Structure formats: C-alpha cells, structure tokens
Amino acid sequence: MSAPLVTILDDEPEVREMLAEALEEAGFRTLRFARAREFEATLRSTAPDVCLVDLSLPDRDGLSLVHRLALESGAAVIIISGRAQVQDRVTGLELGADDYIIKPFEPAEVVARVRARLRKRTAPEAGGDTARFEGWTAHFDRYTLEDAEGRETPFSHAEGEVLRLFLESPRRLISRARMQEALGGAAGESFDRAMDVRISRLRTKLREDPRNPRLIKTIYGAGYIFLGEVRWG
C-alpha cells in the first residue's frame with residue numbers, strides 16, 4: 001500500500017519546501033504547486049488524500065478553491081494561511097475545510113494535523129458506507145444524499161462528518177463538547193459557528209423546514225438530536 005499523498009498549494013517557495021521536507025520525513029508522499037491552475041490540472045488525474053491550501057494565491061481565490069475541493073474531492077482539506085482573524089477561520093470552515101492552520105507554524109504541527117485527519121478518515125466505521133433514513137440514503141463512499149426518487153445531492157466531507165455523527169447516534173443528545181471531541185478542532189466561537197453552518201446546510205439538503213426541522217432538532221443550551229430511524233448497509 002502506497003503512502004498517503006499530500007498536495008501543497010502555496011506561492012511561497014520556502015513554505016512549500018519546508019512542508020514537503022517535514023511530510024516526506026514523516027512518510028508521506030507530496031506534490032507541490034505554486035499556482036491553482038497547475039494544482040487543478042493535476043487533480044484531473046491524481047487523487048490526493050490531503051490538500052494543504054493557502055488562501056492568498058496569485059491566480060485564484062483560495063476560498064472558492066477550498067469550497068470546490070470540499071464539494072468535489074474526497075480529500076481532506078486543510079487551510080494554511082496568514083489570515084488570523086476569527087472571521088477568516090470561520091469562513092474557511094463554513095466553506096468545507098476540515099482544519100485551519102495559521103502562519104507562521106511549526107512543520108511538526110502540520111504533520112500532526114495531517115495525521116489526525118487521516119486517522120479520522122481511515123478509522124473503522126461501525127455503520128459502513130450507506131445509511132437509510134426517512135426516505136433518504138446517505139452514500140458516504142461518494143458523498144451524496146439520495147432521495148426516494150433517486151435524485152442525488154452532494155455533501156462535503158466536513159458535512160459528512162457531522163451527518164455520520166448524527167446517524168450513528170440517532171435519538172441521542174449530541175452535545176457541543178461531544179461534537180468537538182469527535183470532529184476535532186479547538187472549542188470556541190469559531191468551532192460552534194462552523195458546526196451551526198454545517199448543520200444548517202445539512203437541513204437544507206434534507207429539505208427541512210428551517211423554523212421547525214423534523215430530523216435534526218436543536219436542544220437549546222444542550223446540543224442536537226437526530227430523530228429519524230436509521231438502517232445501515
């Protein structure tokens with residue numbers, strides 16, 4: 001089995017070199033890119049396991065690229081950026097990034113974050129790749145929701161993490177603390193807002209009434225609860 005592939009998209013040569021050296025010493029394969037155009041061309045024939053993406057790119061808005069990767073790629077997406085404001089972090093997570101690392105950083109931290117994302121993606125799942133509930137089928141192998149008529153709606157990897165958490169614990173309260181422990185990331189305002197957005201998007205894709213959702217209920221001050229009957233496999 002080949003080593004996991006990590007792509008590095010950053011227009012700073014020293015950052016690309018530093019990250020590639022640290023990741024390769026840790027046993028990963030790497031590909032380096034200075035331009036989004038070159039990176040996107042490579043994705044047509046290559047499937048990375050993790051994408052490290054800088055937001056300040058010379059030929060493409062980094063946030064729009066992150067959003068596209070989250071929707072269309074099976075890779076984990078980690079933003080590496082000098083933008084340190086809370087709103088930048090929240091926006092990146094809202095658009096589907098799995099993690100956000102602020103420059104300057106220690107290469108060892110990036111390696112640890114990459115390993116953490118891969119552990120979450122490769123850990124054995126009790127449910128499997130397909131879950132059926134209330135007329136819907138969630139296909140976690142291809143990141144789509146299928147309705148009773150066979151129409152499919154894609155969901156991002158980040159949205160899928162939240163959906164799987166609900167489907168594996170139906171009719172049980174899931175607290176914010178449990179979500180933070182299960183999904184990773186630092187607890188705080190940015191994590192809470194990112195979770196709220198992901199849940200809101202899942203409700204939209206499940207065609208829920210936002211004022212009175214039927215499946216994903218908010219228990220104010222406590223967390224969330226998924227009320228559907230779930231069958232895996």
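A few notes on this structure, starting with a definition: "buried" means under 20% relative accessible area, "exposed" means over 50%, and "partly exposed" is in between (1.4 Å probe, protein chains only).

1. Ground rules. This is a predicted model, so to speak: local features need pLDDT of at least 70, side-chain atom pairs count only at pLDDT 80 or more, and totals for chains, interfaces and linings use all residues. Residues are numbered from 1 along each chain as its sequence is written, and side-chain values use heavy atoms, with hydrogens and water left out.

2. A nonpolar core here is a set of buried Ala, Val, Leu, Ile, Met, Phe, Trp, Tyr and Cys residues joined through side-chain atoms within 4.5 Å. The largest one has 25 residues, and F133, M179 and I216 have the most contacts inside it. At least two residues of this core come from each of β6 (130-133), β7 (136-139), α6 (157-167), α7 (176-183), α8 (189-205) and β12 (223-226). Helices (H or I, at least four residues) and strands (E, at least two) are DSSP runs, numbered from the N terminus. Helix α6 gives the largest share of the core, 5 residues.

3. The other core. There is a second, separate core of 19 residues, and L19, V50, I80 and I101 are among them. As background, nonpolar side chains tend to be buried together in soluble globular proteins.

4. Salt bridges, and E12 with K103. Counting a side-chain nitrogen of Lys or Arg within 4 Å of a carboxyl oxygen of Asp or Glu as a salt bridge, the total is 21. One of them joins the side chains of E12 and K103 (3.0 Å, N to O). These two sit 91 residues apart, with E12 in the loop between β1 (5-9) and α1 (13-25) and K103 in the loop between β5 (99-102) and α5 (107-122). K103 is buried, because its relative accessible area is 16%, while E12 is partly exposed at 29%. Both also belong to a salt-bridge network that links D10, E12, D54 and K103.

5. R113 meets D99 through their side chains at 2.8 Å, N to O. That pair connects helix α5 with strand β5, 14 residues apart. R113 has a relative accessible area of 24% and so counts as partly exposed, whereas D99 is buried at 13%. R117 in turn forms a salt bridge with E161 (2.6 Å, N to O). Here helix α5 is linked to helix α6, with the two residues 44 apart, and R117 and E161 are both buried.
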